[in-house]
Amino acid sequence: MSEWQGFVRWAKPDEPWRMRHPVVDGYRVAIVDELQRENSGWIVDDQNRKCRWTVGPGHVICKRPAVVALYRGKTGAWGYCEQHPYGRQWTGVSLLSSALLPVGGPGE
Ligand SMILES: [Zn+2]
């Protein structure tokens with residue numbers, strides 16, 4: 001896949017995304033849409049799943065309506081609500097995350 005799939009924009013210096021990666025020479029932190037990235041495993045929930053995020057002891061799960069789902073191997077896709085997509089941001093149409101992308105590519 002192209003590493004530019006799902007590119008939205010470069011992250012701003014004060015965005016929290018920036019803290020999630022050590023930035024190496026020649027790369028910058030970009031905001032990407034996981035739903036547009038091939039093999040990200042993330043899809044829009046289309047089966048009225050419930051959020052599987054563990055919210056307490058004893059494996060208690062969130063159970064709010066899922067907005068997205070993540071393929072988790074043999075167990076299929078697990079749903080997650082807008083509050084619990086592992087630190088990603090659900091915008092209503094996109095699932096934003098961060099990625100290191102090379103300076104000088106299509107985003108420049
Ligand atoms: Zn949840």
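Author: Gladly. A residue is called buried if 20 or more other C-beta atoms lie within 10 Å of its own, and exposed if there are 12 or fewer. By that rule, buried residues make up 24% of the 108 residues in the protein. Please keep in mind that this is a predicted model.

Reader: What makes Asn-39 exposed or buried?

Author: Asn-39 has 8 other C-beta atoms within 10 Å. The limit for exposed is 12 or fewer, so Asn-39 is exposed. Asn-39 sits in the loop between strand 2 and strand 3 (42-44).

Reader: And how do you know which label Lys-63 gets?

Author: Its count is 14 other C-beta atoms within 10 Å. Exposed needs 12 or fewer and buried needs 20 or more, so Lys-63 is partly exposed. This residue belongs to the loop between strand 3 and strand 4.

Reader: Why is the phi of Asn-39 worth a remark?

Author: Most residues other than glycine have a negative phi. Asn-39 is not a glycine, yet its phi is positive, near 70°. Lys-63 is another non-glycine with a positive phi, of about 70°.

Reader: Which residues make up the largest nonpolar core?

Author: There are nine: Trp-42, Cys-51, Ala-66, Val-68, Ala-69, Leu-70, Tyr-80, Cys-81 and Leu-95. Strand 4 (residues 68-71) gives the most to this core, with three residues. Apart from that core lies another, of seven residues, including Ala-11, Ala-30, Val-32 and Ala-99.

Reader: What makes Cys-51 a contact partner of other residues?

Author: A contact requires C-beta atoms within 7 Å. Leaving aside neighbours within four places in sequence, Cys-51 meets that requirement with Ile-61, Cys-62, Lys-63, Arg-64, Ala-66, Gly-79, Tyr-80, Cys-81 and His-84. Across the protein, 53% of the contacts with a separation of 6 or more are between residues 24 or more positions apart.

Reader: How many helices and strands does the protein have?

Author: The secondary structure comes to zero helices and seven strands. Read from the N terminus, the order is β-β-β-β-β-β-β.

Reader: How do you know that strand 6 and strand 7 pair?

Author: Pairing takes at least two bridges. Strand 6 and strand 7 (residues 95-102) have two, in the antiparallel sense, so they qualify as a pair. Gln-89 has Leu-96 as its bridge partner in strand 7, and Trp-90 stands opposite Leu-95. In the hairpin of these strands, with four residues between them, Gly-92 takes a positive phi near 105°.

Reader: Which other strand is joined to strand 7, and by how many bridges?

Author: Strand 2 (residues 27-33) is joined to strand 7 by seven bridges, and the two run antiparallel. Val-32 stands opposite Ser-97 there.

Reader: Why are strand 1 and strand 6 called edge strands?

Author: The open sheet of four strands has the order 1-2-7-6, with antiparallel pairing. Strand 1 (7-10) and strand 6 (89-90) each pair on one side only, and they are the edge strands.

Reader: What joins strand 4 to strand 5?

Author: Four bridges join strand 4 to strand 5 (residues 77-80), with the strands running antiparallel. Tyr-80 in strand 5 is the bridge partner of Val-68. The two strands form a hairpin with five residues between them, and Gly-73 in the turn has a positive phi of about 70°.

Key:
Residues are numbered from 1 along each chain as its sequence is written. This is a predicted model: local features need pLDDT of at least 70, side-chain atom pairs count only at pLDDT 80 or more; totals for chains, interfaces and linings use all residues. A nonpolar core is a set of buried Ala, Val, Leu, Ile, Met, Phe, Trp, Tyr and Cys residues joined through C-beta atoms within 7 Å. Two residues are in contact if their C-beta atoms, placed from the backbone, lie within 7 Å.
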